[in-house]
Amino acid sequence: MQTALETPAPEKKVEQTEAGNYFVSNYPPFSFWKPDQVPVVEEVLKQPAPANIPLGVYFHIPFCRKRCHFCYFKVYTDKNAQEVKAYIDAGMREMERFTSQPYLKGRKAHFVYFGGGTPSYLSVPQLKDLTNRMKDMIPWDEAEEVAFEAEPGTLNEVKLTGIRDIGVTRLSLGVENFDDHILETNGRAHRSGEIEKAYRFARTLGFEHINIDLIAGMMNETWENWKDTVRKAIALQPDAVTIYQMEVPYNTTMYQQMKAEGKVTAPVAVANFPRLPNHRRRPLRARVHPQAQARPQRVRLLHQQVR
Ligand SMILES: C[S@@+](CC[C@H](N)C(=O)[O-])C[C@H]1O[C@@H](n2cnc3c(N)ncnc32)[C@H](O)[C@@H]1O
Ligand code: SF4
């Protein structure tokens, strides 16, 4: 007979984060976009507008105050007001070209999504200029939702009032973590004090829906910090919390550093959190929001041990 003491301890399995991109950021992925498919798109644009198919509009703002060490998005941190204007003008020319086609002409938006980068990097006059021009081409007065991504450190009462006044109904705050040391070592431009301030102003101004983004597995995160982060997020009482699992794609500064040091495992927190007694795995969150129709890749499910 074997006693409990003689039973070999089960090998502890710790999942390490390796570099690479396991995230389909758009569908179909850009690698499948080929020039010889352009005529197919042109053909669709020539067709009459379909009945009963809601229209979603996504506008990308590729500017940020600072590049986070883990970020894989196409972003610029060195553009001046003139260059920002040139980008907006180019985007409006592109929109004009598409909205003059039969498939889109005269249609109204059902969903609008401003993503980035950091849409809240733009000044209030820049936002007004952009959105007035967009509304002339695709009105969104009947939109079910107008969503807008914001980095907390770019927000103050004036900026938030401007964002509300252009018609944003869903504000999404890139909080990521509430610990200043973790925010700093991961290259975030904001600190915890700015999160609280931005959130309170946004609530006072009456945004219909406020989402908070968190990242599980940031560099230097511990189980205690993660629990504290989740508790603080819940205490703010947002309408939704989106939890991303940390990824380290090849185009991040974090990966460049790993490569320079000859490492294969990313320096991020690993999923060896305490187990539930019955080892059941439950989804930590599964919040699917209508914005998913404008930007489906943004809503993901993180399987995690929860107490
Ligand atoms: C475009 S950013 C949101 C707006 C703004 N740029 C910001 O960061 O505050 C969208 C979200 O992507 C997530 N994200 C970015 N890089 C990530 C990575 N390497 N792994 C997991 N999530 C990531 C973050 O939660 C971030 O809030
Ligand atoms: S995570 Fe957000 S703020 Fe950071 S570089 Fe990426 S887009 Fe910019």
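A nonpolar core is a set of buried Ala, Val, Leu, Ile, Met, Phe, Trp, Tyr and Cys residues joined through C-beta atoms within 7 Å; buried here means 20 or more other C-beta atoms within 10 Å of a residue's own, with C-beta atoms placed from the backbone. Everything below comes from a predicted model, in which local features need pLDDT of at least 70 and side-chain atom pairs pLDDT 80 or more, while totals for chains, interfaces and linings use all residues. Residues are numbered from 1 along each chain as its sequence is written, and ligands are numbered from 1 in the order in which they are written.

**View 1. The largest nonpolar core.** Among its 51 residues, V112, V146, F148, L171, L173 and L214 touch the most other members. Leaving aside residues up to four places away in sequence, L214 touches V175, E176, N177, T229, A233, V241 and I243 (contact: C-beta atoms within 7 Å).

**View 2. Helices α2 and α3.** Helix α2 (residues 81–99) packs against helix α3 (residues 124–137) at about 5°, with axes 10 Å apart (axes are lines fitted to C-alpha atoms over the stretch in contact, and angles run from 0 to 180 degrees between N-to-C directions; helices are DSSP runs of H or I, at least four residues, and strands of E, at least two). The pair is therefore roughly parallel (angles under 35 degrees).

**View 3. Around ligand 1.** Of the 18 residues around ligand 1, F70, E151, G174, D213 and Y244 come nearest (around: C-beta atom within 6 Å). Strands β2 (111–116), β4 (170–176) and β5 (209–216) each give two or more residues to this shell.

**View 4. Around ligand 2.** Residues surrounding ligand 2 include C64, R67, C68, C71, E151 and G174.

Note on methods
Parallel < 35°, antiparallel > 145°, perpendicular 65-115°, else oblique. Buried ≥ 20, exposed ≤ 12 C-beta atoms within 10 Å, placed from the backbone. Contact = placed C-beta atoms within 7 Å.
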